[in-house]
Amino acid sequence: MRFIIITSCGNSIALAQDVARRLKVAYSPLTISAFPDGDVYLRFKAKLQGETLVIVHSFQPEPNMSLFNVIFAAETAKDLGAKKVILVAPYLAFMRQDKRFHPGEAVSSKIMAKLLSGSVDQLITFDTHLHRYHSLKEVFCIPARNLTANMLLAAYIKKKFRNLVIIGPDEESYQWAEEIAKVVQCPVTCFKKTRYSSRKVAVKMVKTIPLKGKNVVIVDDVISTGHTVVEAAKEAYHLGAKRVDAVAVHGLFAETAMTKLKKAKIKTITTTNTIKHKTNKIDVADLIGKALS
Ligand code: R5P
C-alpha cells in the first residue's frame, strides 16, 4: 500500500517522518495556519486522489485544537479524493473523561470518538485510558486499535535498573505493572489511590512488599499533573526505598508537573515519544510502522 504521512498542527512531526522512513513512503507536510480573522487555513501539498492518507498526530499539546485540526485535515483529504484516512494518534486525549463524574458534565471521550468516527476511517493509538471502557469498540464505530508500549517500557527498565521493585501507583495500573515485572523478573505491587480532584490524590500500599533498600520504579500510562507519581514516590521513600524513578508511556507534564516531580526526589523520569518531550527515551516508531504494514 502507498501511504502519504502528514502531521497536523505540528505535533509528532519527527515521529511521522521516522515512520515514513521505516515504511519507505513519502512524508508530506501539511500547512495549517490562520486567516487574519482567526479562521483555520489548511492546505495539502501532496496529490491525494485515490491515496491512503495517514495522519500521525499526538493530541498533546493543544488537545482541543488537535481534534479540530485532525477533523479538518481528514475532511479535506476526503474532499481531495483520498481513498482512506488513517489517524495514528500516539496519544489520544479526552479518554479520561469516560463518564459523567458530576451532574451536567460532558462525557468528552464519547463526543471526541463520535466526531473522529465521522471523519477518519481507522484509528491507531497507544495505551489509551481504558478504565471504565473495556475496549475502544465501546466508543468508536470505526476500526480502532489500542497498541501498547509496555514491552518497550519493560526492555528499558530491565536494561537500566537493578535490585528493583516495580510499583503501579494505583490499582488500575497493576495490570501493566505486573506485565512489565514479569519481563523484568522483579517484585511488583501497586498502591491504592484516592483521587479527591484533578490536582489532589493520596496513595497507600495495599499489597505489602518490602521496599527497604530497594530501587523503586513507578510505572504509569500517563503523567499529567504529576500528583499521582509524586504521591507514590513519597510513599515509596517513606517505606524505605533507596531510590525512586518513574517510567510512563505518555508524558503530558501539565502545569508545573516537572517541578513537582523534581521536588519529590524522583531520580529520573522517562517517557515514550507518543508526546514529544525532553524525557523521551523510548521510541514507538517501530510499533507504529508494524501496525501500518
Ligand atoms: C489515572 O488513572 C492514570 O493512570 C494516571 O495515574 C493519571 O492520569 C495521572 O494523572 P496525574 O499525573 O495528574 O496525577
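Set aside the neighbours within four places in sequence, and Leu15 is in contact with Pro90, Asn273, Asp283, Val284, Ala285 and Ile288. Keep in mind that this is a predicted model.

- Leu15 sits in helix α1, which covers residues 13–23.
- With a relative accessible area of 6%, Leu15 falls under the 20% limit, so it goes down as buried.

- Nonpolar side chains tend to be buried together in soluble globular proteins.
- In this model, the largest nonpolar core has 41 residues, and the ones with the most contacts inside it are Ile157, Ile166, Val219, Val247 and Leu292.
- Helix α5 (residues 174–184) gives the most to this core, putting in six residues.

**A nonpolar patch on the surface**
- Met65, Phe68 and Phe72 make up a nonpolar patch on the surface, and together they have about 250 Å² of accessible area.
- Phe68 belongs to helix α2, residues 63–79.
- Phe68 has 37% relative accessibility, which lies between the 20% and 50% limits, so it counts as partly exposed.

**Aromatic pairs**
- The structure holds two aromatic pairs.
- One of them is Phe35 with Tyr41: the ring centres are 5.4 Å apart and the planes stand at 85 degrees, so this pair is edge-to-face.
- Phe35 is partly exposed because its relative accessibility is 42%.
- Tyr41 also counts as partly exposed, with a relative accessibility of 28%.

**The loop between β5 and α2**
- Gln60 and Pro61 are joined by a cis peptide bond, with omega at about -5 degrees.
- Pro61 is in the loop that runs between β5 (52–56) and α2.
- Glu62 is in the loop between β5 and α2 as well, and its phi is near 60 degrees, a positive value in a residue other than glycine.
- Glu62 has a relative accessible area of 48%, so it is classed as partly exposed.

**The loop between β7 and β8**
- Asp127 has a positive phi despite being a residue other than glycine, with a value near 30 degrees.
- You'll find Asp127 in the loop between β7 and β8, and it counts as buried because its relative accessibility is 12%.
- Thr128 lies in that loop too, between β7 (122–126) and β8 (144–147).
- Thr128 is buried, given its 8% relative accessibility.
- Skipping sequence neighbours within four places, Thr128 is in contact with Leu92, Met95, Leu136 and Asn146.

Methods: Residues numbered from 1 in each chain as written. Predicted model: local features only at pLDDT ≥ 70, side-chain atom pairs only at ≥ 80, totals over all residues. Heavy atoms only, no water. Patch = residues over 30% accessible without salt bridge, like charges linked within 9 Å, V, L, I, M, F, W, Y side chains within 5 Å. Areas by Shrake-Rupley, 256 points an atom, 1.4 Å probe, with all protein chains shown as cover. Salt bridge = Lys/Arg side-chain N within 4 Å of Asp/Glu carboxyl O. Helix = DSSP H or I, 4+ residues; strand = E, 2+ residues; numbered from the N terminus. Buried < 20%, exposed > 50% of the residue type's maximum accessible area, 1.4 Å probe, protein only. Core = buried A, V, L, I, M, F, W, Y, C linked by side-chain atoms within 4.5 Å. Phe/Tyr/Trp six-rings, centres within 6.5 Å; stacked < 30°, edge-to-face > 60°. Contact = heavy atoms within 4.5 Å.
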